[in-house]
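Subject: Structure for your files

Hello,

Please find the structure below. My notes on it follow.

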Amino acid sequence: MDTKFSVALHIMIYIAETKNIPSSELLAKSVNTNSSHIRKIISGLKHSKLIESSQGKSGFNLAKNKNEITLADIYLSVYPEKKLINIHENPNQECPIGFHIKQLLTPVFDETQQVFLERLKKINLEQLIKNLYELGENK
């Protein structure tokens, strides 16, 4: 199972809430993975202008305010072109179902993707961090 989105959220929360400027090594330790995996995810976050780093210095900062970064922004930085649900390739065109399956499922899957992204747009990083602290208080 692909976990890049949850790792990206972990990274963004860590960067937002640490008093220090975190390096990929510190982030990897927090996520409990290797730093090369973290750097791949950071690359997408930087490309989407959600985080930034300074030339000659290690570590990362948020490029925007926490309340300006939605979960959809983070998701799309990790998966810029990924479909949430895919249709199987090469169905049998001589079968009436196989012939029409793509045309049948595409609108349903596209609508599902849109609903998913719309939901993620309603939650920002600041809200997610607030929820994190509430979980800590209830522990």
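Where is Asn-90 found? Asn-90 sits in the loop between α4 and α5; helices here are DSSP runs of H or I with at least four residues, strands are runs of E with at least two, and both are numbered from the N terminus. Its phi is near 55 degrees, which is positive although the residue is not glycine. Asn-90 is exposed, at 74% relative accessibility (buried means under 20% relative accessible area, exposed over 50%, partly exposed in between, with a 1.4 Å probe and protein chains only).

Before the rest, the basis. This is a predicted model, in which local features need pLDDT of at least 70 and side-chain atom pairs count only at pLDDT 80 or more, while totals for chains, interfaces and linings use all residues. Residues are numbered from 1 along each chain as its sequence is written, and side-chain values use heavy atoms, with hydrogens and water left out.

Asn-32 also has a positive phi, near 70 degrees, and is likewise not glycine. Asn-32 belongs to the loop between α2 (24–31) and α3, and is exposed at 71% relative accessibility. For background, most residues other than glycine have a negative phi.

Helix α3 covers residues 35–47, and Ser-35 lies in it. Ser-35 counts as buried, at 19% relative accessibility. Apart from neighbours within four places in sequence, Ser-35 is in contact (heavy atoms within 4.5 Å) with Ser-24, Glu-25 and Ala-28.

Salt bridges

A search of the whole structure gives 6 salt bridges, a salt bridge being a side-chain nitrogen of Lys or Arg within 4 Å of a carboxyl oxygen of Asp or Glu. Three of them are described here, including one between Lys-66 and Glu-17, where the closest N and O atoms are 3.0 Å apart. Lys-66 is in the loop between β2 (61–62) and α4 (71–78) and Glu-17 is in helix α1 (residues 4–17), so this pair ties together parts 49 residues apart in sequence. Both ends are partly exposed: Lys-66 at 28% relative accessibility and Glu-17 at 26%.

Glu-118 and Lys-121 form another salt bridge, at 3.3 Å from N to O. Both residues belong to helix α5 (residues 96–121) and are 3 residues apart, about one turn of the helix. Glu-118 is partly exposed at 34%, and so is Lys-121 at 43%.

In helix α6 (residues 125–137), Lys-130 and Glu-134 are 4 residues apart, about one turn of the helix. Their side chains meet in a salt bridge at 3.3 Å, N to O. Lys-130 is exposed at 51% relative accessibility, whereas Glu-134 is partly exposed at 33%.

Largest pocket

The largest pocket has a volume of about 170 Å³. On a 1 Å grid over the protein atoms alone, a pocket is an open set of points where a 1.4 Å probe fits, with protein on both sides within 12 Å along at least five of seven lines, and lining residues have an atom within 4 Å of a point. Grid points are joined across faces, edges and corners, and the volume is the space filled by probe spheres set on the points.

Its lining includes Lys-83, Ile-85, His-88, Pro-91, Phe-109 and Asp-110. By class, the lining residues are 5 nonpolar, 3 polar and 3 charged (nonpolar: Ala, Val, Leu, Ile, Met, Phe, Trp, Tyr, Cys and Pro; charged: Asp, Glu, Lys and Arg; polar: the others, Gly among them).

Regards
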